[in-house]
Amino acid sequence: MNIPEHVAIILDGNGRWAKSKGMPRTYGHTMGAKNVEEICRSAWEKGIKYLTVYAFSTENWSRPQEEVGAIMDLLRNYLKTCKKTAEKNHMRVRVIGDKTRLDPDIQAAIAELEEFSRDFDGLSFQIALNYGSRDEIRRAVDSVLREIKSGVLPEDTEITEEFISSHLDTAGIPDPDLLIRTSGEERLSNFLLWQCAYTEFYFTDVHWPAFSEEELMRAVEDYSSRQRRYGKTGEQVL
Ligand code: IPE
Ligand code: IPE
Ligand code: MG
């Protein structure tokens with residue numbers, strides 16, 4: 001089977017899953033966070049090297065304040081669990097997105113986790129927090145302009161695609177081979193617009209907290225069965 005090197009997942013449907021069980025939305029977020037742990041383990045066991053999850057978007061701040069607060073509290077707890085998992089499984093964790101809008105204690109926990117896990121050679125796990133692809137591109141353009149203005153970069157710097165990629169939050173991480181979105185929606189919701197130029201998409205009606213290892217394998221098998229005339233680097237594969 002052709003196992004994708006990098007799988008990206010839009011974690012959707014926590015609220016609907018909880019509602020279907022007669023529970024509050026926050027219960028869905030709690031169980032969704034638990035499931036992230038499970039899927040990290042499964043992904044690595046199946047030979048996936050990079051996993052990127054969309055956990056909180058730049059647009060998600062507009063949800064009711066109580067829900068945003070509950071998600072942030074959950075994140076605080078999750079980051080602690082994640083450090084233990086990183087240590088146990090040698091997982092390297094990185095956060096993509098604009099971290100500066102997160103509370104200072106969360107920013108500190110992220111910095112600690114990233115530093116702690118930076119040399120681990122297990123699963124490379126990216127969490128998108130306060131992430132929006134347009135915002136990421138805007139920040140990349142802004143940082144290049146600053147580097148040119150301050151003389152760090154020469155004025156005649158050639159702007160190549162590689163140059164742009166290297167200024168995104170995902171610098172150094174290969175583009176996703178497979179993107180999964182759970183819970184029946186079929187849109188990107190501002191996720192990895194640049195990086196998904198050649199990515200295969202897979203949509204499932206299963207809500208995120210119920211997305212199991214079997215569901216992951218179903219997505220991987222579907223991906224593996226797709227025929228690509230050209231690989232992502234342009235080489236002919238058929
Ligand atoms: C995904 O589940 C988690 C986040 C976006 C934080 P939702 O909260 O979007 O769940 P639904 O889509 O309302 O069911
Ligand atoms: C997308 O889910 C963002 C995340 C999973 C973090 P949403 O549920 O927020 O997206 P929309 O609003 O349905 O597009
Ligand atoms: Mg949703």
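Mentor: Let us start with Ile137, which is partly exposed because its relative accessible area is 31%, where buried means under 20%, exposed means over 50% and partly exposed is in between (1.4 Å probe, protein chains only). The model is predicted, so local features need pLDDT of at least 70 and side-chain atom pairs count only at pLDDT 80 or more, while totals for chains, interfaces and linings use all residues. Residues are numbered from 1 along each chain as its sequence is written, chains are lettered from A and ligands numbered from 1 in the order in which they are written, and side-chain values use heavy atoms, with hydrogens and water left out.

Trainee: Where does Ile137 lie, and which residues form a nonpolar patch with Ile137 on the surface?

Mentor: Ile137 belongs to helix H5, residues 133-149; helices (H or I, at least four residues) and strands (E, at least two) are DSSP runs, numbered from the N terminus. A patch takes residues with over 30% relative accessible area and no salt bridge, joining like charges within 9 Å and nonpolar side chains (Val, Leu, Ile, Met, Phe, Trp, Tyr) within 5 Å. Here Ile137, Val141 and Leu145 make up such a nonpolar patch, and together they have about 240 Å² of accessible area, a value from the Shrake-Rupley method with a 1.4 Å probe, in which only the protein chains shown count as cover for residues.

Trainee: Which residues are around ligand 1?

Mentor: A residue is near a molecule or strand if one of its heavy atoms lies within 4 Å of it. Around ligand 1 these residues include Leu11, Asp12, Gly13, Asn14, Arg16, Arg25 and His29. By class, the shell of ligand 1 holds three nonpolar, five polar and four charged residues, where Ala, Val, Leu, Ile, Met, Phe, Trp, Tyr, Cys and Pro count as nonpolar, Asp, Glu, Lys and Arg as charged, and the others, Gly among them, as polar. Helix H1 (14-20) and helix H2 (25-45) each supply at least two residues of this shell, and H1 gives the largest share, three residues.

Trainee: Which side-chain atoms lie 2.7 Å or 2.9 Å from an oxygen atom of ligand 1?

Mentor: A polar side-chain atom of Arg16 is at 2.7 Å, and an N or O atom in the side chain of Arg25 is at 2.9 Å. Of the 380 Å² of accessible area that ligand 1 has on its own, the protein covers 87%.

Trainee: How many residues of the shell around ligand 2 come from strand S2?

Mentor: Strand S2 (residues 50-57) provides four residues, the largest share of that shell, whose members include Tyr54, Phe56, Asn60 and Arg181. The shell of ligand 2 divides into five nonpolar, three polar and four charged residues. Oxygen atoms of ligand 2 are approached by polar side-chain atoms of Asp12 at 3.2 Å, of Arg187 at 2.7 Å and of Ser189 at 2.6 Å. Taken alone, ligand 2 exposes 390 Å², and the protein buries 77% of that.

Trainee: How many salt bridges does a search of the whole structure find?

Mentor: A salt bridge is a side-chain nitrogen of Lys or Arg within 4 Å of a carboxyl oxygen of Asp or Glu, and the search finds 22 of them in the whole structure. One of them joins Glu67 and Arg25, whose closest N and O atoms are 3.1 Å apart. Because Glu67 lies in helix H3 (residues 65-89) and Arg25 in helix H2, this pair ties together parts that are 42 residues apart in sequence. Glu67 is buried at a relative accessible area of 9%, whereas Arg25 is partly exposed at 39%.

Trainee: How are Glu45 and Arg41 separated in helix H2?

Mentor: Glu45 and Arg41 are four residues apart in helix H2, so about one helical turn separates them, and their salt bridge has its closest N and O atoms 3.3 Å apart. Asp73 and Arg76 also meet in a salt bridge, at 3.0 Å from N to O. Finally, Asp12, Arg16, Arg181, Glu185 and Arg187 are linked in a network of salt bridges.

Key. Polar contact = N/O pair within 3.5 Å; in protein donor to acceptor, adjacent residues only side chain to side chain.
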